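Here is a short tour for anyone about to set up calculations on this chain. Keep the viewer open as you read.

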Amino acid sequence: MRDWSAERIADAAEARLIVADRAASGSERDPNGPERVVIDSREAGPGALFVGLPGANVDGGAFAAAALAAGAWGVLVSPEHAAAAAAAAAAAAAATRPGPHGFVIAAERPLVALQRLAHAWRCELGATVIGVTGSSGKTSTKDLLFALLSPARHTVASRSNRNTEIGLPLELLSAPAGTEVLVLEMGMRGSGQITALAAIAEPDVAVVVNVGRAHLELLGSVEAIAAAKAELIAALPPGGTAVVPSDEPLLAAHLREDVTTVTFGPGGEVRLKRADGERVEIDLDGTPISLEVSFTQAYMRLNLLAAVAAARVVGVTPRGRIEPVISAGRGERRRLPGGVTLIDDSYNANPISMRAALDDLIASSAPDCRRVAVLGDMLELGPQAPEFHLETARQADRIGVGLLVTVGPLAAVMASAFSREVHSVPDARAAAALVPALLREGDVVLVKGSRGVGLEAVCQVLSEPVAA
């Protein structure tokens, strides 16, 4: 946004510019706009526009004066904090301290102003926007799509899982001028949330990776979950494209005649023909393509099909070696000291992703090794939560998991449906203390649970060097 003046930024945010920065000499500041937008005042140095958002415990606007003192280009805060920041800027000017003292922009609702600013920048960029959502696998699909597109197009993708009403506009604003494709992950915890995100991003392509039993506690039924995911399809302009699973009937009612639909998966327009280790052959609506990838998991191959379909929509047909950088905690495999293999899938979990991870644990490990599953609570599943956890335990027992460690009060019910060695602990801290002592050379251990369980602590302990 370097070419945007403070006045233009304030107008785009539907906010009010109350301090137009001047140097100590009284001359107008360099009219260039900010280089980046931040919401953490500790990141607010030269070139940054600091947006002070109200939080549960602290109002970020209280740090506006400190951000200006640190050299921020400017601040966007509520009127009361803007007044304090303006007074601080005036005091700095009166003291004739050298250098610019920063713009001050006031908005009654700073978060809404941030979202409006992001939408204006999206319109300015003119990039093709691909929105990605799903009950599981959306971050991995986003990572795969970035790897497919970036060699051919100037592509920007959401970092990590910045897929909320705060994270998405920040990611959009991080895209530099000249961006051709924006890949934006969109999270959902309730009805209307994807609609709100799509209003900011205005997607041209909607990718719905899957519909699963995540957030049942909030939405009540899998049909309601499908409708919430399909808000991304509803947000498409006429002539847009929806990329959806070929075997998901719950989305059928949400498809549109004025939007092109591309299906992926078994029987779809983009489907897997053959997989031999890391070599994958795909039928892309009649066009054969061959890819080499750095993974062998079945669920990752399905995510790859979704990414290939979306890439084709924007005119990119990938071929050759693909080296995606998969976000942490999404199935990363690490060889640990002592000959143990860790599958770090600790970031999140729901019944569909848990089932896929357990299947991969068996399929990707040698028949003579012991498979260990450290499984935490699956949260937000409502009254059916005990049965979903029991189903997971039955699957683990049926497919041959040799050792099960359950973490949390919900996961504890798994012990009653597992016939081999099982340990139950109350939380991730207890699991981190217990699991290393249970493992032996040659084990393959899967660590997976909902985000709120914090099982990354187990992975961290397992990955630490063994003391001499």
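This is a predicted model: local features need pLDDT of at least 70, side-chain atom pairs count only at pLDDT 80 or more; totals for chains, interfaces and linings use all residues.

Let's begin with an open sheet of five strands, which has mixed pairing and the order 1-5-4-3-2. Strand 1 (16-19) and strand 2 (36-38) form its edges, each pairing on one side only. On average, neighbouring strands of this sheet are turned by 25° against each other, direction ignored. Strand 2 and strand 3 (residues 48-51) run parallel and are joined by three bridges. Within that pairing, Val38 has Phe50 in strand 3 as its bridge partner. Helix 4 (residues 110-125) packs on the sheet, where it touches strand 2, strand 3 and strand 4 (74-77). The direction of helix 4 makes about 120° with that of strand 4.

**Two aromatic pairs**

Next come the rings: the structure holds two aromatic pairs. The table sets them side by side.

| Pair | Distance between ring centres | Angle between planes | Class |
|---|---|---|---|
| Trp4 and Trp121 | 5.4 Å | 85° | edge-to-face |
| Trp73 and Phe103 | 4.7 Å | 40° | tilted |

The pair of Trp4 and Trp121 counts as edge-to-face because its planes stand at 85°, and the cut-off for that class is over 60 degrees. This pair links distant parts of the chain, 117 residues apart: Trp4 is in the segment before helix 1 (6-12), while Trp121 belongs to helix 4. Trp4 is buried at 3% relative accessibility, and Trp121 is buried too, with a relative accessible area of 5%.

For the pair of Trp73 and Phe103, the planes are at 40°, so the pair is tilted. Here the partners are 30 residues apart, with Trp73 in the loop between helix 2 (64-69) and strand 4, and Phe103 in strand 5 (residues 103-106). Trp73 is buried, its relative accessible area being 1%. Phe103 also counts as buried, at 7% relative accessibility.

**A hairpin and its parallel neighbour**

Leu284 stands opposite Thr287 in strand 14. The hairpin of these two strands has two residues between them, and Asp285 takes a positive phi near 50° there. Strand 14 is also joined to strand 15 (residues 320-321) by two bridges, and this time the strands run parallel. Glu292 has Arg321 in strand 15 as its bridge partner.

**Arg370: buried or exposed?**

Arg370 sits in the loop between helix 12 (351-363) and strand 18 (371-376). Its relative accessibility is 13%, so Arg370 counts as buried; the cut-off is under 20%. A polar atom of the Arg370 side chain lies 2.8 Å from the backbone oxygen of Leu438. Beyond its neighbours within four places in sequence, Arg370 is in contact with several residues, including Gly402, Glu421, Leu439, Arg440 and Asp443.

**The cysteines**

How many disulfides are there? The count comes to zero. Take Cys459: the closest cysteine sulfur, in Cys369, is 17 Å from the sulfur of Cys459, which is too far for a bond. Cys459 is buried at 2% relative accessibility, whereas Cys123 counts as partly exposed at 43%.

Note on methods
Residues are numbered from 1 along each chain as its sequence is written. Side-chain values use heavy atoms; hydrogens and water are left out. Helices (H or I, at least four residues) and strands (E, at least two) are DSSP runs, numbered from the N terminus. Buried means under 20% relative accessible area, exposed over 50%, partly exposed in between (1.4 Å probe, protein chains only). A polar contact is a pair of N or O atoms within 3.5 Å; within protein, one must be able to donate a hydrogen and the other to accept it, and residues adjacent in sequence count only if both atoms are side-chain atoms. Contact means heavy atoms within 4.5 Å. A disulfide is a pair of cysteine sulfur atoms within 2.5 Å. Two strands pair if DSSP finds at least two bridges between them. Axes are lines fitted to C-alpha atoms, for helices over the stretch in contact, and angles run from 0 to 180 degrees between N-to-C directions. Rings of Phe, Tyr and Trp (its six-membered ring) pair if their centres lie within 6.5 Å; planes under 30 degrees apart count as stacked, over 60 as edge-to-face and the rest as tilted.
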